[in-house]
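Hello,

Here is the structure you will be working with. My notes follow below it.

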Amino acid sequence: MSQITIVEAFADLEDCRRRAGMRHQQSLCLALFPLAVAAGNRGFIAIGDWLKAYHDELLELFKPEKTRLPSYSTIRRTLLRIDQQRYSACLSRFFGIDPIQSETIAVDGKVLRGSYEAINDDADVDSHPAIMLVSAYIVERGLILNPYEVDSKTNEITALPAFIKDMALKGVVFAFDAISTQKKTAQVIVDSGNDYIGALKGNQSGLLEAVQANFKSIQTHESNNVGHGPVEKRTVSISNQLDNIPEVPGIKTVIRVISPREVHRANIIEPSVEIRFYVSSLIETAEEFAKRIRGYWGVENKVHYVRDVTQGEDASRVRTKPLVQIWAIARNFARSHIPRLWIS
């Protein structure tokens, strides 16, 4: 078989398949799967059609033994025996994804809505909960790290500290939404040698009210964003005066973002103003905070939106573990690394 780099990425992964009747190398099956996902296939039957449509091209590229490609069912059975964390680690090493010091890691949980499984045919019985994964997105380079599964008996709040410890990163900046702005999470991040930017909303009402009442701007940065209809002006102000603000581990800066917007619809201009607050363990300029916060929202519109709309993740009815997680992992990597999948 041709020594394609992505095939070599899985060469050291233990093969747990039965030896009897084995016709295809495990590494070939695992390499074809992310390529098929990157090509836009949303299910295993679609992968089978893709293998038939590009049969000659794939044979020429991979040069498999006995000039045979695995079927979609063979690929599926192979994936069923794979540990999703090890599979993800192989892809991560293949793409060489290592966060650089001071980069922003946007983290956010996403429910795979189609992954729930009914316990039985009784309509009155609650279904098995859908799987939630925490996604990590490197803002500055648009790369995606290994996802982390949230235990169905817990939630994103308790999962994020475990996720941060598992990543074992140092010197990066974690950015997250209001649900994860918790003292425990902030403490874990500071103790691990990293920094954070956390949004504030009603779930931290005491902290939010104190920040609103005592915010005194020391520096401001303005920017204009135009695209796809809305015209948005952002004014980012920072304050290092923390008097009368409840203690949060490592807090050094409070940030306020004012976004007056003009949305044009059918020759009618609809104005609106949104004010958001953040807390951070960093000391930076207002302009630097503006870039990090603006980039944080990429986890929503450049990761989750693409996976749902372009790749059809929420519509997927793949429900068998670990196939659900492996499909999500493949979509993640395909989303940000498609150009590199064919490097040999």
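**Core around Phe33**

Phe33 touches Phe44, Ile47, Ile75, Leu79, Tyr87, Ile326, Trp327 and Ala330, leaving out residues up to four places away in sequence. Bear in mind that this is a predicted model. Phe33 belongs to the largest nonpolar core, which has 77 residues. Phe33 is among the residues with the most contacts inside that core, together with Phe10, Tyr87, Ile105, Val107 and Phe174. Another core lies apart from it and has 22 residues, including Ala106, Ala178, Val257 and Tyr278. As background, nonpolar side chains tend to be buried together in soluble globular proteins.

**The chain as a whole**

The chain has 344 residues, and 48% of them are buried. It contains twelve helices and ten strands. Take the contacts between residues at least 6 apart in sequence: 63% of these join residues at least 24 apart. The chain exposes about 17300 Å². Carbon and sulfur atoms supply 49% of that area.

S9 covers residues 253-265 and S10 covers residues 268-280. These two strands run antiparallel and are joined by 13 bridges. Two pairs are handy for finding your way along them. Ile258 has Ile275 in S10 as its bridge partner. Glu262 stands opposite Pro271 in S10.

S9 and S10 form a hairpin, with two residues between the strands. Ala266 sits in the turn and has a positive phi of about 50°.

S10 also pairs with S6, residues 195-200. That pairing is antiparallel too and runs over four bridges. Here Leu200 stands opposite Phe277 in S10.

**Two lysines in one loop**

Which loop holds Lys63? It is the loop between helix H4 (55-62) and helix H5 (72-80). Lys66 lies in the loop between H4 and H5 as well.

Both have a positive phi, although neither is glycine: near 50° for Lys63 and near 60° for Lys66.

Is Lys66 buried or exposed? Lys66 is exposed, because its relative accessible area is 69% and the cut-off for exposed is over 50%. Lys63 has a relative accessibility of 47%, so it counts as partly exposed.

Gln26 is in helix H2, residues 26-38. Its relative accessibility is 6%, so Gln26 counts as buried; the cut-off is under 20%. What is Gln26 in contact with, its neighbours within four places in sequence aside? The list is Leu13, Glu14, Asp15, Cys16, Arg17, Thr78 and Ile82. For Glu14 there is also a distance to note: a polar atom of the Gln26 side chain lies 3.4 Å from the backbone oxygen of Glu14.

Gln85 is in helix H6, residues 84-95. Gln85 has a relative accessible area of 38%, so it is partly exposed. Gln85 and Glu149 are 64 residues apart along the chain. Their C-alpha atoms are separated by 9.8 Å.

**Where to look**

Then go to the hairpin of S9 and S10. Finish with Gln26 in H2 and the loop between H4 and H5 that holds Lys66.

Best wishes

Methods:
Residues numbered from 1 in each chain as written. Predicted model: local features only at pLDDT ≥ 70, side-chain atom pairs only at ≥ 80, totals over all residues. Heavy atoms only, no water. Core = buried A, V, L, I, M, F, W, Y, C linked by side-chain atoms within 4.5 Å. Buried < 20%, exposed > 50% of the residue type's maximum accessible area, 1.4 Å probe, protein only. Contact = heavy atoms within 4.5 Å. Areas by Shrake-Rupley, 256 points an atom, 1.4 Å probe, with all protein chains shown as cover. Pairing = 2+ DSSP bridges. Polar contact = N/O pair within 3.5 Å; in protein donor to acceptor, adjacent residues only side chain to side chain.
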